[in-house]
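Hello,

Here is the structure I said I would pass on. My notes on it follow below.

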Amino acid sequence: MKILFDCDGTLLDSMHAWVDNIKTLMKKYDFIPTEEQQEIIEALGFEEVSEYFAETFAHDMTKDDIIHYLKDKLEEAYSQKVLPKKGVKNKLEELYNRGFEMAIASSTDKKYLEMAFERLGFIKYFQFIITPDTTGLRKNELEYWNKACEMFDANPDQIALFDDKIYAIRVANKLGITTIGVDDIPYNIDDIDFLKKEANYYVKLISMFDFDKLK
C-alpha cells in the first residue's frame, strides 16, 4: 500500500510555527473563529489564509500585509528550527528501505516543506508533495484527494493517509482511502475523540504504528 503523510503535526512538530503567530494576529483583532471558520483556516494554503484573514477580521490589513507578517516567521521556522516528531526520521528510513512508496499531502506551501525536508534529509523519501499552492485544491475537497491518487497512479483503496486533522480524515474516508489519525496534542485536542472513532486506525506517533497492517 502507498502512504500519504500530512506534514505539520504528523511528521513535523511544526504547528507552533503557525498557531502562535496566527493566534497573535487573531488576538490583536479580538477574533475567535467558529468551528466552521477554524476548519476553513486549516484547509487553506498560505496566500488563501492571508486573504481570508484580511477579508474576515483584519480589515485594516491587506492580503499582502498579512503575507509579509507571516512569511518571515515561517521561513525562519522551516529553514532553521522545525524538527521531526519523535521517531519519525528512523521510521521514514525504515519504510523507504522496505520499499514503501510515500508522498506528502499538506496545506502548507510546498516551498516551506522543502526547506525543512532538505535540512532534515527527508526529500529522498517522498515521490511528490501535494499542496494547495501547487494544485489550487484544498484538503477539505474531494478533488484534492483524487489528485493525490492520480499522482500516485493508484486507486483510493491502495492508499493509506496519516493525518492529525479530522476534516482531512473525513474527506479521505469518503473516497475509501485507509485513514490513520495521529495525535498532535495540544494542537488537535478537539479532534482526538473524532479521530479515534472515525479513522480506520489511531496512533500517538507514526513510529508506533505497525505498518505491516498496510501490506
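Lys2 has a relative accessibility of 17%, so it counts as buried, the cut-off being under 20%. Please keep in mind that this is a predicted model. Lys2 sits in strand E1, which covers residues 2–5. Its side chain comes to 2.7 Å from the backbone oxygen of Phe152. Leaving aside residues up to four places away in sequence, Lys2 touches Glu101, Phe152, Asp153, Ala154, Gln158, Ile159 and Ala160.

In soluble globular proteins, nonpolar side chains tend to be buried together. The largest nonpolar core here has 52 residues, and the members that touch the most others are Phe5, Phe53, Tyr78, Phe126 and Phe162. Helix H4 (residues 63–81) supplies the largest share of this core, six residues. Another core, of 25 residues, lies apart from it and includes Ala103, Ile130, Leu137 and Phe152. As for Phe53, its contacts are Ile22, Leu25, Met26, Ile41, Ala58 and Ile66, again not counting residues up to four places away in sequence.

Last, the largest pocket, which holds about 1000 Å³ of space. Its lining is made up of 37 residues; Met15, Gln38, Glu42, Lys165 and Tyr187 lie nearest the centre. Helices H1 (15–28), H2 (35–43), H3 (46–56) and H9 (166–175) are the elements that each give two or more residues to this lining, and H1 gives the largest share, six residues. By class, the lining has 18 nonpolar, 13 charged and six polar residues.

Regards

Technical notes. Residues are numbered from 1 along each chain as its sequence is written. This is a predicted model: local features need pLDDT of at least 70, side-chain atom pairs count only at pLDDT 80 or more; totals for chains, interfaces and linings use all residues. Side-chain values use heavy atoms; hydrogens and water are left out. A nonpolar core is a set of buried Ala, Val, Leu, Ile, Met, Phe, Trp, Tyr and Cys residues joined through side-chain atoms within 4.5 Å. Buried means under 20% relative accessible area, exposed over 50%, partly exposed in between (1.4 Å probe, protein chains only). Helices (H or I, at least four residues) and strands (E, at least two) are DSSP runs, numbered from the N terminus. Contact means heavy atoms within 4.5 Å. A polar contact is a pair of N or O atoms within 3.5 Å; within protein, one must be able to donate a hydrogen and the other to accept it, and residues adjacent in sequence count only if both atoms are side-chain atoms. On a 1 Å grid over the protein atoms alone, a cavity is a set of points where a 1.4 Å probe fits but cannot get out, and a pocket is an open set with protein on both sides within 12 Å along at least five of seven lines; lining residues have an atom within 4 Å of a point. Grid points are joined across faces, edges and corners, and a volume is the space filled by probe spheres set on the points. Ala, Val, Leu, Ile, Met, Phe, Trp, Tyr, Cys and Pro count as nonpolar, Asp, Glu, Lys and Arg as charged, and the others, Gly among them, as polar.
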